[in-house]
Amino acid sequence: MPEQNDEVLLRVEHLCQYFGPTKAVDDVSFDIKKGEVFGLVGESGCGKTTTGRSIIKIYNITSGSIYFKGQRICAGTTGYKIEIKKARKELAELAKEASKATENKAELEAKLAEKKKAYSDLVIENRKKISAAKFDHKHSDREYAKTLIARTKAEYEPKLAAATGEELKTLQKKYKDELRVAKKTKLITKIQMIFQDPIASLDPRMTVREIIAEGLVINGIKDQNYIDEKVYEMLELVGLVREHAGRYPHEFSGGQRQRIGIARAVVMQPDLLIADEPVSALDVSIQAQVINLLNELRERLGLTILFIAHDLSVVKYFSNRIGVMYYGRMVELAETDELFAHPVHPYTRSLLSAIPLPDPHAEKQRKRIIYNALAAHDYSKQQPTLREIIPGHFVLCNDEEEAKYKEEFGF
Ligand SMILES: Nc1ncnc2c1ncn2[C@@H]1O[C@H](COP(=O)(O)OP(=O)(O)OP(=O)(O)O)[C@@H](O)[C@H]1O
Ligand SMILES: [Mg+2]
């Protein structure tokens, strides 16, 4: 496995993405460390793609924040607005009560004055948060470029002051080059996504060359020779050949199309690759090839990967950590080995029980556990939250369940 360190590359905090009444993603938090593969699993419709698409800023997220390379790139505002609304309603109720009151009127009025002050503080505070969120959402690229420029300046200025003669000249040139790159860097292009459907995600009217080069062209690169060389390099990197550049997507098999999708993503030199079920639509025999390719690229290019899949068997050998989603919520999150050794949440256990076992005898004994959320939990008294029940192992549960799990697993 390639070097992995504790530097957090992506942090998702309380992400909510609602489509009307559908809570596609509901209060999901996790982070991805530089160099790791983070597997996100769960059944169809649980919100995996929506999470990925929120990260690449396809939506104005409902609430929560997403940080990439330490810069907040997404922030929702609805949560803050709801807080204001709720406080306003409470205030109105108290005002009504105070106006009607006869005996303890003075007391209620004092309480009302206090509440009014608290309300106006809350409004000021939340309005600040709303405008900060809007600002970050809109200007994260520019702000990131600013920090890069500042960092480059801080690095070079003392060196330049100390250098003389030839050394100074080389240094000045290097400084100029790095400053130019810093100014042009668009943070969001450092996250690239490979899409679930290799047929729908490639424009049938574009040649493979145009598809792979599109991002470079958008980034302002005009040198046709450079672009051609890059396209050929990428084709070879993903196991295709340069002669493929002039062809159209329909001339390729499913596995090859997915390779084109990977080339289109990797040409942007991303730090984070979001692979949304990149092999689900492919034949089993082809799946392993594409997974191997991703693993190879991860090592060669130092990629960090968010790997989305609907079952655990695909992510098992590939992920350092796994998050399990169910109906928009993260229900369990742990290191891969830990999750397989001690699956705690009943939904995770049901997913594990669905994986066929290689040993025929064991396979015969295997019992499918069916998960029924209503029967499995009683949340009438207390709602569940994601809790760290042993270091690094998180489970969605309430007090009662936490105690039960800890006893059952001897944590
Ligand atoms: N643009 C949209 N508008 C309205 N509802 C949406 C939209 N996108 C997704 N949804 C709904 O949000 C929920 C989560 O969808 P999502 O595509 O994220 O699931 P998924 O986990 O990727 O599923 P699959 O494994 O089938 O790809 C679903 O109920 C879906 O119908
Ligand atoms: Mg999906």
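## Close-up views of a predicted model

Among contacts in the protein between residues at least 6 apart in sequence, 65% join residues at least 24 apart; two residues are in contact if their C-beta atoms, placed from the backbone, lie within 7 Å. This is a predicted model: local features need pLDDT of at least 70, side-chain atom pairs count only at pLDDT 80 or more, and totals for chains, interfaces and linings use all residues. Residues are numbered from 1 along each chain as its sequence is written, while chains are lettered from A and ligands numbered from 1 in the order in which they are written.

View 1. Helices (H or I, at least four residues) and strands (E, at least two) are DSSP runs, numbered from the N terminus. The C-alpha trace spans about 85 × 70 × 45 Å along its principal axes. Of the 411 residues, 29% count as buried. A residue is buried if 20 or more other C-beta atoms lie within 10 Å of its own, exposed if 12 or fewer, and partly exposed in between; these C-beta atoms, too, are placed from the backbone.

**View 2. Eight strands form an open sheet of mixed pairing.** The order is S6-S7-S8-S3-S9-S10-S12-S11. Two strands pair if DSSP finds at least two bridges between them. S6 and S11 (385-390) stand at the edges with a single partner strand each, so one side of each is left without a neighbour in the sheet. Neighbouring strands are turned by 20° against each other on average, direction ignored. Axes here are lines fitted to C-alpha atoms, for helices over the stretch in contact, and angles run from 0 to 180 degrees between N-to-C directions.

**View 3. Strand S6 (residues 191-194) is covered on both faces.** Ile 191 and Met 193 are buried on one side. Gln 192 and Ile 194 are buried on the other. S6 pairs with S7 (residues 272-276) in the parallel sense, over four bridges. Within this pair, Met 193 has Ile 274 of S7 as its bridge partner.

**View 4. Strands S3 (residues 37-41) and S9 (residues 321-326) pair in the parallel sense.** Four bridges join S3 and S9. Val 41 stands opposite Val 324 in S9. Helix H11 (residues 346-353) lies across S3, S9 and S10 (329-335). H11 runs at about 105° to S9.

**View 5. Four strands form an open antiparallel sheet.** The order is S2-S1-S4-S5. The edge strands, S2 (22-33) and S5 (71-75), each pair on one side only. Neighbouring strands of this sheet are turned by 20° against each other on average, direction ignored. S1 (residues 8-19) and S4 pair in the antiparallel sense over five bridges. Arg 11 stands opposite Tyr 67 in S4.

**View 6. Helices H5 (residues 208-218) and H7 (residues 254-266) cross at roughly 30°.** Their axes come within 7 Å. H5 and H7 are therefore roughly parallel to each other. Angles under 35 degrees count as roughly parallel, over 145 as roughly antiparallel, 65 to 115 as roughly perpendicular and the rest as oblique. The crossing of H5 and H7 is right-handed. A crossing is left-handed if the near helix is turned anticlockwise from the far one by less than a right angle, and right-handed if clockwise. H5 contributes Val 208, Ile 211, Ile 212 and Gly 215, which meet Ile 260, Ala 263 and Arg 264 in H7. By class, this contact has five nonpolar, one polar and one charged residues. Ala, Val, Leu, Ile, Met, Phe, Trp, Tyr, Cys and Pro count as nonpolar, Asp, Glu, Lys and Arg as charged, and the others, Gly among them, as polar.

**View 7. Helices H2 (residues 78-100) and H3 (residues 105-162) cross at roughly 165°.** Their axes come within 9 Å. That makes H2 roughly antiparallel to H3. The crossing of H2 and H3 is left-handed. Their contact has 13 nonpolar, one polar and nine charged residues.

View 8. Seven of the eight residues of H1 are buried, so H1 is largely enclosed by the rest of the structure. Among them are Lys 48, Gly 52 and Ile 55. Lys 57 sits in the loop between H1 and S4 (63-68). Its phi is near 65°. Lys 57 is partly exposed, with 16 other C-beta atoms within 10 Å.

**View 9. Glu 277 also has a positive phi, of about 40°.** Most residues other than glycine have a negative phi. Glu 277 lies in the loop between S7 and H8 (284-301). With 22 C-beta neighbours inside 10 Å, Glu 277 counts as buried.
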